[in-house]
Every structure is written in structure tokens, then in C-alpha cells.
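The sequence and structure are shown first.

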Amino acid sequence: MIRKAVLPVAGFGTRCLPASKAIPKEMITIVDRPVIQYVVEEAVAAGIRDIVLVTHASKGAIENHFDKNFELEASLEAKGKDDLLTELRSIVPDSLNIISVRQPEPLGLGHAVLCARPVIGDDEPFAVLLPDVLVDNRDQPRTDLAGMMTSFKATGRAQLMVEQVAAEDVSKYGIVAPRGEEPKAGESCRLDGVIEKPEAGSAPSRLAVIGRYVLPGRIFSLLAKTPPGAGGEIQLTDAIETLRQQEGVDAWRMTGHTHDCGHQLGYLEATLAYASRHPRFGEGFRALLKRYAAED
């Protein structure tokens, strides 16, 4: 079973400025909880029990969010605010371990994942979840992350989560080249490669890599040998390409859909999606939407 997940949270979040100037982008709130809490909840639902945060000195708010706040809990308990106290304590389930490691300098996603090597080790598969992407599996029997993990167990091959994007948007993503027919939703297929930001006319498919990976532990040895690429950074995609050439890599086509919360419109869409079905605020939020729509 895959029990560990790496969440790279050391980046500066320049796409979210000015909102991310003083607070980590991962702590920007969707309705009543920060983005990163949704990502951790996704991991827990898939069976993850150890979360490795690859963080930076400026990201202390993330660690504090997942730490126990004794004074606040004592205050809530003394005031009889039991519902809030229960919600606060449920942020980190008893079955979950949160572990932090530092990325000393911004040397790319591949380097951030490599920083987790002492915790993960070279012999154990693990997941990587980019924390500015929310995967929405509403009303589905299992999460796409759980499906990827099952596929890894069945094939032994690394899994990259992909989502079909509009033809005019392929130049914004890494686009996979499937070997043979494209997989159906909830299935995976072998890859012949990943093309970074191709032109629409030359893209091998419309299936974009969107921020979820299941990788074997030996990816660390490949990352350690990967030379810096674009911008002087160690690219995770370069190490994955080496892995593909050596033993194959699969694309898992997701059944849900994503919200890119690192982009303002993606963040607003996520707010609409999650607020409209919130158990406490959903009804009131939908009424607000109707009111503003009527005013337009």
C-alpha cells in the first residue's frame, strides 16, 4: 500500500500576487478552509498516512495550521464551543502524520521532491500532490488519486494524472503522447512521452498532466542525477522521462475535474463549486448568486 505523499509548498506563489505577498498561496481560503487542507483531505481519503511538506522558512503558517494550538483549543473548550473545537481537532486525523522538510533554495519541482528522499527512502512508492490544484471527485465512489494508486499496484509503473483540455489550451500544459488509444476516464495507458507546451496543431493529444503523480522510490536516484534544465532548475518531468525510457510510465485519465487555484479565475471557480454545495453555507451562497445574477 502507498502510505506517503509529498506536497511541495516552498514556492513563492507569484501567480497569486498580491494575495500571496504576506501569506502562503496554499493558505488562501476556499470558503472556510485553506486550499492545502482540501489537498490533504484528498490524500487521506486515498489512504495516505504520512504527508511530507517540502517547505520554506516563509511558510510557517502552513505548519502552524496542521499543528495543535493548545491555547485556542482550551479557549474554545472553556466557552463551550464544542462544534468549533471538534472541527479544529479534525484538521489532522489521528491516523495522519505531518512531516516537514526544508527546500533550502528554489531549484525546481524535481529538487523539491528530492528533498523528501530522507523521509520516503528509495524502496517505497509514494504520491506527489501539487497543492495549488484541487481535484474535485464529488459524488464519485473513489478519488482519482486512489485510482492511480490502484493502477500503480497492478502495473508497477509510475502514474501521471491527466485531464482533457480544450484544443486552444494545449500550449499551456505538458501534453502526453499515449501509446495506442487514449485511455477512458478511470483507466490508464502506457506513454510514448510528454511534450511540454506544444502548439495546438502538433500536440499528440489533448490530455494534460495536471499535478498528481504516483512514483516509485527509485525516482530519487534519477532526480539526483538529473542535470538542471530550464531556468537552472531540476525538472521532475526530466527524471520521469528517464524512468519512462527504462521501465515505462502510464497516464491515468481522471474521472473528476480540476480547479487551478494558482490562477485567479481557477480560484474563483473553486470557490463557486465548493461554496454552492457547502453543508452550512451552500443554501445562502446559492441565494446570493441568484440575487447578483438578477441584478446583472
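Two residues are in contact when heavy atoms of theirs lie within 4.5 Å. The model is a predicted one. Tyr213 belongs to strand E11, which covers residues 207-215. Once its neighbours within four places in sequence are set aside, Tyr213 is in contact with Leu109, Phe126, Ala127, Val128, Leu130, Met148, Gln159, Leu160, Leu236 and Ile240.

The relative accessible area of Tyr213 is 7%. Buried means under 20%, so Tyr213 is buried. Leu17 stands 196 residues from Tyr213 along the chain, and the C-alpha atoms of the two are separated by 27 Å.

## Helix H7

Helix H7 takes in residues 144-155. Its 12 residues should span 16 Å at 1.5 Å a residue, and the end C-alpha atoms are 16 Å apart, so the two values agree.

Met148, one of the contacts of Tyr213, is among the buried residues of H7. Asp144, Leu145, Ala146, Gly147, Met149, Ser151 and Phe152 of H7 are buried too. Gly156 follows H7 and has a positive phi, near 75 degrees.

## Helix H1

Helix H1 consists of residues 35-45. Of its 11 residues, 8 are buried, so H1 is largely enclosed by the rest of the structure. Those buried are Val35, Ile36, Gln37, Tyr38, Val39, Val40, Glu42 and Ala43.

A glycine comes after this helix as well: Gly47 follows H1, with a positive phi near 105 degrees.

## Helices H10 and H11

Helix H10 (residues 264-276) packs against helix H11 (residues 282-295) at an angle of about 125 degrees, and their axes are 8 Å apart. H10 is therefore oblique to H11. On the H10 side, the residues that meet H11 are Thr271, Leu272, Ala275 and Ser276. Their partners in H11 are Gly282, Phe285, Arg286 and Leu289. The residues of this contact comprise 4 nonpolar, 3 polar and 1 charged. An α-helix has 3.6 residues a turn, so residues three or four places apart point the same way.

The length of H10 was also checked against expectation. For its 13 residues, 1.5 Å a residue gives a span of 18 Å; the end C-alpha atoms are 18 Å apart, so the values agree. Gly266, Ala270, Thr271, Ala273, Tyr274 and Ala275 are the buried residues of H10. Their cover includes H1, H11, strand E2 (29-30), strand E7 (133-136) and strand E13 (257-260).

Most residues other than glycine have a negative phi. Val31 sits in the loop between E2 and strand E3 (33-34). Its relative accessibility is 29%, so Val31 counts as partly exposed.

Asp139 is not a glycine either, yet its phi is positive, about 60 degrees. The loop between E7 and H7 holds Asp139. With a relative accessible area of 72%, Asp139 is exposed.

## Cysteines

The structure has 0 disulfides. Cys115 is buried, at a relative accessible area of 16%. Cys189 is buried as well, with a relative accessible area of 11%.

How values were computed
Residues numbered from 1 in each chain as written. Predicted model: local features only at pLDDT ≥ 70, side-chain atom pairs only at ≥ 80, totals over all residues. Heavy atoms only, no water. Axes fitted to C-alpha atoms, helices over the stretch in contact; angles between N-to-C directions. Helix = DSSP H or I, 4+ residues; strand = E, 2+ residues; numbered from the N terminus. Parallel < 35°, antiparallel > 145°, perpendicular 65-115°, else oblique. Nonpolar A, V, L, I, M, F, W, Y, C, P; charged D, E, K, R; others polar. Buried < 20%, exposed > 50% of the residue type's maximum accessible area, 1.4 Å probe, protein only. Disulfide = S-S within 2.5 Å. Expected span 1.5 Å × (residues − 1).
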